[in-house]
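Student: Could we go through the labels attached to this model, and set each value against the rule behind it?

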Amino acid sequence: GGGDTYGDGDGDGAADGGDSTAPAASSSQLVIAQSSDILTMDPHMHRNRPTQNVIHTVFESLVNQDTDLKPVPELATEWEQVDDLTWRFHLREGVTFHNGEAFDAEDVKFSIERILDPEQASPRASMLAVIDSVEVEDEHTVLITTTDPAPTLLSGLAVNEIVPSEYTAEVGDEEFAAAPVGTGPFTFDSWSPNEAVNLSANEDYWDGAPGVGTLIFRPIPEVSSRMAALQSGDVQIAAEIPPDLTGELGGGTEAVSVPGTRVFFLAMNVTKAPFDQKDVRVAANQAVDKQTLVDALYEGRARVLNQPAFPEMIGYSDDVQGIDFDAEAAAQVLGSTTETVQIDSTEATRTLAEAVAGQLQAAGLNAEVNVLEDQAFTDQVESGASTAYLSSWGVAEGDADVIMARHFWSPSREDAFYTGYTNDELDVLISDARSTVDQAEREDLYAQAMQIVMDDVPWVPLLNPEEIYGVSTQVQGWEPSPIGRFNVADVTLGSR
Amino acid sequence: MVALAVLVTFVIVGVLAPWISPYDPNAQNLANRLQPPLSEGHLLGTDGLGRDVLSRLIHGSRISLIVGFSAVLLSAVFGVIVGLVSGYVGGWVDSLLMRIVDAWLAFPFLLLAIAIVAVLGRGIDNIVIALVITGWVLYARLVRGETLSLREREFVLSARGLGASPMAIMMKHILPNCLAPIMVVATLEVGVVIVTEASLSFLGLGASASEPSWGGMLADGRAYLTRAWWLATLPGLAIFVIVLAVNVLGDALRDALDPRHEKIRSEEIPA
Amino acid sequence: MLAFIVRRLWQTVLVLFGVSIITFSLIHLTPGDAVDVMFAGENVSADQREVYRQQLGLDQPLIQQYFNYMAGAVQGDLGTSVRRGTPVAGIIASTVPATVELTFAALVVAIVIAVPVAVVSALRQGSLWDRGGSVLALFGISMPSFWLGIMLILIFSVGFHWFPASGRIAAGSGMSQITGFVLVDAVLQGNWEGIKSGLLHLALPAITLGTAITATLSRVLRSGLLEVKGQDYVDALRARGLRFATVLRHMLRNALPATVIVMGVRIGSLLGGAIVVEVVFGWPGLGRLVVDAIQNRDFPLVQGAVLVLAVLFVLVNLITDIVQAWLDPRIKLTGGGSR
Amino acid sequence: MTPKLRVQDLVKTFTSGRALLGTAERSVAVDGISFDVTTGSSFGIVGESGSGKSTTARIVASLLDADAGSVQLDGREMLSLGRRDLLAVRRTVQMVFQDPFASLNPRWKVGNLVGEGLRIHHRMSREAHRARVQELLEMCGLPASAATRFPHEFSGGQRQRIGIARALAVEPDVLILDEPVSALDVSIQAQILTLLTRLQSELGLTFLFIAHDLAIVERFCDDVAVMQNGRIVEQGNPVELYRDPQHHYTKTLLGAIPIPDPRRRDNNSPRR
Amino acid sequence: MIPGGPLHRGGFVDQVIPGRAEGASTPLLQVRDLTVRLGPVAAVSGLSFDVHRGEFLGIVGESGSGKSVTAKAILGLLPKSAEISGSVRLEGEELLGASSETMRRIRGDRIGLVFQDALAALDPVYTIGDQLVEALRAHNDVSKKVARKRAADLLGEVGIPKPVERLDSYPHQLSGGQRQRIIIAAALIAEPDLIIADEPTTALDVTVQKQVLDLLAEVCQRREAAVMLVTHDLGVVAQTCDRVATFYGGLLVEEADVFTLFDNPRHPYTRALLRSVPRLGEDSPFEAIPGSPAQIYISLTACPFAPRCEHAQPVCTAGVPPEFWEGTHRHRCVVAGRGEL
Ligand SMILES: Nc1ncnc2c1ncn2[C@@H]1O[C@H](COP(=O)(O)OP(=O)(O)OP(=O)(O)O)[C@@H](O)[C@H]1O
Ligand SMILES: Nc1ncnc2c1ncn2[C@@H]1O[C@H](COP(=O)(O)OP(=O)(O)OP(=O)(O)O)[C@@H](O)[C@H]1O
Ligand SMILES: [Mg+2]
Ligand SMILES: [Mg+2]
């Protein structure tokens, strides 16, 4: 439900918000603009990244991810693997929820079971589906058992927050969403849908009181407006700034970026002409000048990919032989194709798709971009109707499994057709990697898998752009996270 | 007359696009992106992918003109018919039609656009269909309102007395008397429709991307307002010129149809 | 009169019924459902999706789903948003005031600008004033809202810092919601800062949204006035030596019916169609809600929002019909064909 | 022999005032009138302004629904005709409106206005059509060039003649004339009335003739009804009726006729 | 000062047009050489006449002869495309080309116009009460209530039953005669000095007609106002007017005091017109002037009546006939002027 106030804190004049003298830390106000509004404040009842970015300032998970996407302690201080199927987590002591309820093992058990409870119908259930049971060992220790070896359990736990067992059970789901209570650095005040989520500092936060008194999230869907709001001083951090617009920032604002977790690629349907020919797919890889794309469209704020993974990912391999740009070689093969190829895309990836299509065209492949509405696009590619499509896949978990098991593993063909590519050898490698908990061994398995994929080339891996934020120079002590979270507990506001 | 010339020029440009545009509108040159107007080889500069803006404008006139005119024409014709029938026949027919209009208006245009694109696929023809499906309502309401007033006028009564059929009364007596507002609205709608196409692009539902449209160019250019003003300004200007030409023509037509318009009809002096 | 209104409101029920059916069909014609959207780009197997569909009742036959929904709706329960898990009624209720507020403000802007322009243009047809007014109006029509909105923001928010770039009221103005209308609430609470802030926030979106209507309004009104100008009774009024303002009032009243109808439809489309402006200015209105809901395939929310829009439209059209009949006494509200 | 036209107990009420605001009040415009008109005769209606003459005319012309009563044409009830039959009736019954300008579509040229009835009821070649329109205009004393001009470019009397030409174009059996010559100078008046008389004797037309000029009615009509307050207060042969009026109102009416001789201004005349 | 046109001779401009014998004072309205062209139509040609306070000037003439156009021209109400020349003065003040504010003050207050077409002259969407009240308040500083009362009284005076209720009616709810009386009331309500009544009683029965004429006469007498009465009813002319002017083809063909005109008309058109008058109790056939009505295009070059005139001579078509004066009686017939009639 919506909040019942328009905002809290003390009235900071609207237009002159940015120009006012720096307020004292406790009363200072940090406004963050994202492109979309949250869906709910119940951490278990959504599957939406902007929502989680906000929720994670109020709630916390057992583990967090650092900038290299590696798991680090949050509400769990330590963990160990008891056996292939059992994990033990030691919980942080002396943590209380915003309503005063103490955080303990019961809350962890309650939260995970709440997500998995079919009655609850949590869309997050699939993320933790591998969990068989949660046992309370003692007040500050829990034991998690999985049905199968679960190498990605930690990344699953990192994105699922802990809610207070007593309070939640007492007030019920609806009331809980309206007045959520977590352990995070900020407490929830109000939410006016499509307008603002108002939070204030949790003075009793276990890691010390935050540096700002109020934290406000505002949804501003239009990029230009988001940047304008930043520049006019209405907001201090604006997320999702397209790289080619970073040049527009300045005058008290700057672009801050961090390597992102998205893999952009051109997928080719291996069951349809002309991509049923491997040499055509190879040629397509040769035809795309990724560096030029990075320079022109991303102002250099992206990395060229030679495999369907970026360096921070578990499973990325330096040894993989990618395919380099070679216009002449490409032209030799593509020049003899006759088909007109529709490259499906959504509006979000249109420019990149057009640029790639342009390069393919230059090499002799008759490529056209076909922009589809998001769901129509999904339908198209999942049903296998698409000849080629340009898309991206988010890998916030930092694990190659996310891509490999979804796009190149035959069991997943039932869920989505995508390129229709299968390879028995590859299937075995991926299956093995999925049931191995030893990370080094997994890395090795994936390295082999990557090479097979790059030999058969159902994809043209393109690039991995940085996450760019527009930030007011007022904001001090903030570092963006690759997965989009706002770790603003330590942020303070200086004068502009 | 100038207006007519402008309009004809645009149509000719649209028709001859493949022959007169200096470049392929989709030919990219990433090395040569965001060139300002009057730069070498590109009279009106290049866009974010290094495509020639002039060529895109020339090709874009096709879609924009087709969308603008066909959508307006079709919705006007359909809407006028519904409005005339509703207003003149009255009674339950009117109630029914107007309730349909109410329901119609309530419908989110986007939902319709998505559904149409989903069922019929992308392309300007489908954009036109979506625009017509939503557009006729305006004319229907307008004409119905005018008809309600006109049908009580004595000259309608007198025509009825002469034995004119309802059809003839609607078409020959009522319609000419509400043509002026229809014309004003229709000529305005040409602009509205072209801009709506732009808004669809803005919201990610534009025409097929392989054909440039002014609306699409404008929507793309908005991000570059400070950096490359020409990207949004030039297609905007093109739309403005078209809208202006159409409206000036509409005004002239309106005046021509107004028997009281003050001009000396000297050609009517009998010998 | 009363009977007329009662009958119209009764017909509204049918309208809503029709709207719900069409919306329902359309939403099911569109590709994908809420579950697909929710899990797009995630490693969620088809089986898992199916399970979730069952939990939400999306696996039931369409007719069944429709009847379930309508059964609730008839009892005033618009259902729960699939995406947000909160009751649809509450979500919509929180956006309607913002929408109405913006629409109203845009209308005020349009009237304030368009009426004088139309009057001067019509009276001095063909003059420089007339041409200037027309060009201005057409300029307004040719400028897409997103472009104008962004320009205004760049100039007045970023450049001069006169107006805020987005939102409805300064974050943290300490005002509680009573009616949901920012300005009304601010006045009720005597919160001057709130009034000021509310007005400042409203200004740019209202101007942006108002520009397009201004053009329509001024052109349609001008045409109406031109029509009226040549009528004998206008000469007759002048023959009585009436003041210009009085003659003008007569002309306006005669020219208004068509204008009112066109505006009625336009206001209608503003209510639901201010999407672009809402997006540009981060305005929490109904249009954006509907677009989000459509994109998320959040069926109950779309359906609920469309029903609310339908009610608003029916009201607007009812009001324009009444206004039209009030303006022109020759019109018979109750209709009915004569021989 | 059945009369050409039989009107019986006709009643018509109007709501006046603002129906919208609920201040409507009903007023009786025609209050139970009856009369017969025999084929080939002229029936005059004179009477007080606002007494329901035009209303009666409209009902008889099937342009307005009556509240009660009957109108029979050749013994056939007209008030309950369906659309199709109505069209046939319109060929036989035509009306000339009291307000000529309002009854002419301002956007039509006079040639088309006059030709409209022709086009509907008499298919003919374009040439014949034009010639006929020309003829009608000239019959009514309008120049042929009138065809290409719009109604607002004509004087009051010219418009009135356009209205007459328009009705005559249909070649009806029954012609309802609502003050058809009031805006004409006496010479043109005479021309039109002569034309009507000629048509009547040639084609056996029946006229329902509403007028204020008692002298014209006396000469033109075979019967006359005097109306006041929606009722016929007196009816009969005009010559006799004038000679020996019975009803008080008829007497007043006859007494108020201005005599076209300035030497005969009496105490009754406005300026003595 | 006033451009001499081809239509008059000599010192016409300075010549006092003889009005009533005692009319030595400046006339209330002085029209000189008024010429109006409407598109191709020469509606009025070289028109001159005076109207004095306290008198009724009757204007008769053929339908389409320019009577209404004259009335509108005096008040400056012709369409912009009309080509107008000559002079119209109200107590010395030139009205042709006067500023719109001057005209506004004069209209309604000094000169009231009763339009010929009553329905077209009423705003269809305002009640008649509103329209009357406005007409009064435009020139008199009275409250709405008082104005309404005056309006109702005036409606009563023009013979409209239940005047107070009628104030709330709309024009389309009235009968033709009722509307006509409304616009008479609208012209009278601000008590103008000159009332131009364009066929004000055509739709009225004779009793109401008499009531209305009585009212005009009363106003004329009480306020020393003048009335220009355009009518086709020669009975009305005979009973009310002091002087009569006859129009034909846009030309003022004859003017004389009412007795002279009826007793001794000089112009063949006036004679023919008088012959056509139907009289009660005479059972003669309707008598029309042979030939068809005049419609003058571009400009007048001959006597417009010549084609229909039984006395026509070659001189009649040689040019526009000049004015002939016989005391206060003037006419434009060359034949009559030569005494050959
Ligand atoms: N707006 C106009 N445009 C063109 N011609 C016009 C216009 N108004 C009037 N006329 C012509 O001017 C001439 C004079 O018209 P006017 O209305 O003065 O006649 P009138 O003497 O008042 O006749 P009536 O007795 O029939 O009312 C007519 O021939 C008429 O056709
Ligand atoms: N549409 C209407 N609505 C309300 N009242 C009306 C309407 N039409 C006519 N009336 C009233 O009905 C009565 C009769 O009108 P009608 O027009 O028949 O009179 P009439 O005899 O033709 O008078 P006139 O000689 O003045 O034309 C009048 O009192 C008039 O006010
Ligand atoms: Mg009448
Ligand atoms: Mg006239």
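Tutor: What follows takes the metal sites, then the ligand sites, then the aromatic pairs.

Tutor: This is a predicted model, in which local features need pLDDT of at least 70 and side-chain atom pairs count only at pLDDT 80 or more, while totals for chains, interfaces and linings use all residues. Residues are numbered from 1 along each chain as its sequence is written, chains are lettered from A and ligands numbered from 1 in the order in which they are written, and side-chain values use heavy atoms, with hydrogens and water left out.

Student: Why are Ser54(D) and Gln98(D) called buried?

Tutor: Buried means under 20% relative accessible area, exposed over 50%, and partly exposed in between (1.4 Å probe, protein chains only). Ser54(D) has 18% relative accessibility and Gln98(D) has 17%, so both count as buried. These two residues coordinate the magnesium ion (ligand 3) through OG and OE1, respectively, at 1.8 to 2.1 Å.

Student: How do you know that the site of ligand 2 is shared between chains?

Tutor: A residue is near a molecule if one of its heavy atoms lies within 4 Å of it. Residues from chains D and E surround ligand 2, so the site is shared; of the 23 residues around it, Ser49(D), Ser54(D), Thr55(D), Ser175(E) and Gly177(E) come nearest.

Student: What makes the approach of Ser175(E) to ligand 2 a polar contact?

Tutor: A polar contact is a pair of N or O atoms within 3.5 Å; within protein, one must be able to donate a hydrogen and the other to accept it, and residues adjacent in sequence count only if both atoms are side-chain atoms. A polar side-chain atom of Ser175(E) lies 2.6 Å from an oxygen atom of ligand 2, so the distance falls inside that limit. Gln178(E) likewise places a side-chain N or O atom 2.9 Å from an oxygen atom of the ligand.

Student: Why is the pair of Phe24(C) and Phe299(C) called edge-to-face?

Tutor: Rings of Phe, Tyr and Trp (its six-membered ring) pair if their centres lie within 6.5 Å; planes under 30 degrees apart count as stacked, over 60 as edge-to-face and the rest as tilted. With 34 aromatic pairs over all chains, this one has its centres 4.8 Å apart and 75° between the planes, so it is edge-to-face. Both Phe24(C) and Phe299(C) are buried.

Student: What makes the pair of Phe156(C) and Phe160(C) tilted?

Tutor: Their ring centres are 6.2 Å apart and their planes are at 35°, so the pair is tilted. Phe156(C), at 22% relative accessibility, counts as partly exposed, and Phe160(C) is also partly exposed, at 46%.

Notes
Donors = N, O, S within 2.8 Å, 3.2 Å for Na, K, Ca; no water.
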